Amino acid sequence: MLVIPKTLVVNAAKDSTELVAKLRAFHNASQTIEAKKNFKWIGLDLEHGKCRDNKEAGVLEPEMSKVKSLKFATEAAITILRIDDMIKIYQPSKEDPNSYANAVAQGRL
């Protein structure tokens with residue numbers, strides 16, 4: 001699940017190792033330390049290259065869009081896996097009609 005944050009950080013030309021490690025530390029603390037439950041809202045501020053409280057900054061993601069995306073991706077994967085016929089693309093022959101072997105076979109030589 002860290003592929004998306006890491007890709008975003010790299011695309012923002014920031015140190016992905018450092019920022020993703022800080023993000024993981026915040027999220028781990030939110031799950032293990034009762035007093036730091038609000039750390040679950042920590043996200044990345046790529047303009048300033050640091051972690052911030054996204055809820056406080058007003059950055060919220062609708063759950064419904066994530067659920068729908070996962071459902072559509074799952075349905076697409078299932079559809080691809082159900083295809084039982086191999087699709088074969090016709091490749092034109094690469095034989096040269098003027099080759100020696102064709103000339104002999106056609107009686108031209």
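1. Salt bridges. In this predicted model, a search of the whole structure turns up 3 salt bridges. They are Glu 18 with Lys 22, Asp 45 with Arg 52, and Glu 61 with Lys 66. Each is taken in turn below.

2. Glu 18 and Lys 22. The two side chains meet with N to O at 3.1 Å. Both residues sit in helix α2, 4 residues apart, so about one helical turn separates them. Glu 18 has 40% relative accessibility and therefore counts as partly exposed. Lys 22 has 37% and is also classed as partly exposed.

3. Asp 45 and Arg 52. Here the closest N and O atoms are 3.9 Å apart. The cut-off for a salt bridge is 4 Å, so please look at this pair by eye. Asp 45 is in strand β1. Is Asp 45 buried or exposed? Its relative accessibility is 8%, so Asp 45 counts as buried. Arg 52 is partly exposed, with a relative accessible area of 28%.

4. Other partners of Asp 45. Which backbone nitrogen does the side chain of Asp 45 reach? That of Glu 47, at 3.4 Å. Leaving aside residues up to four places away in sequence, Asp 45 touches Lys 50 and Arg 52.

5. Glu 61 and Lys 66. The closest N and O atoms of this salt bridge are 2.8 Å apart. Glu 61 is exposed, at 58% relative accessibility. Lys 66 is partly exposed, with a relative accessible area of 47%.

6. Aromatic pair. How many aromatic pairs does a search of the whole structure find? The count is 1. The ring centres of Phe 26 and Phe 39 are 5.1 Å apart and the planes meet at 85°, so the geometry is edge-to-face. The pair links distant parts of the chain, 13 residues apart. Phe 26 belongs to helix α2 (residues 16-32), while Phe 39 is in the loop between α2 and β1 (42-45). Phe 26 is partly exposed, at 27% relative accessibility.

7. Helix α2 in both lists. Helix α2 holds Glu 18 and Lys 22.

8. Nonpolar surface patch. Which residues make the nonpolar surface patch of about 370 Å²? Tyr 100, Val 104 and Leu 109. Tyr 100 lies in helix α5 (residues 100-105). Its relative accessible area is 63%, so Tyr 100 is exposed.

9. Backbone at Ala 13. Ala 13 has a positive phi of about 60°, although it is not a glycine. Where does Ala 13 lie? In the loop between α1 (3-11) and α2. At 67% relative accessibility, Ala 13 counts as exposed.

10. Points to keep. Phe 26 and Phe 39 form an edge-to-face pair. Ala 13 carries the positive phi.

Notes: Residues are numbered from 1 along each chain as its sequence is written. This is a predicted model: local features need pLDDT of at least 70, side-chain atom pairs count only at pLDDT 80 or more; totals for chains, interfaces and linings use all residues. Side-chain values use heavy atoms; hydrogens and water are left out. Rings of Phe, Tyr and Trp (its six-membered ring) pair if their centres lie within 6.5 Å; planes under 30 degrees apart count as stacked, over 60 as edge-to-face and the rest as tilted. Helices (H or I, at least four residues) and strands (E, at least two) are DSSP runs, numbered from the N terminus. Buried means under 20% relative accessible area, exposed over 50%, partly exposed in between (1.4 Å probe, protein chains only). A polar contact is a pair of N or O atoms within 3.5 Å; within protein, one must be able to donate a hydrogen and the other to accept it, and residues adjacent in sequence count only if both atoms are side-chain atoms. Contact means heavy atoms within 4.5 Å. Patches are made of residues with over 30% relative accessible area and no salt bridge: like charges are joined within 9 Å, nonpolar side chains (Val, Leu, Ile, Met, Phe, Trp, Tyr) within 5 Å. Accessible areas come from the Shrake-Rupley method with a 1.4 Å probe; for residues, only the protein chains shown count as cover.
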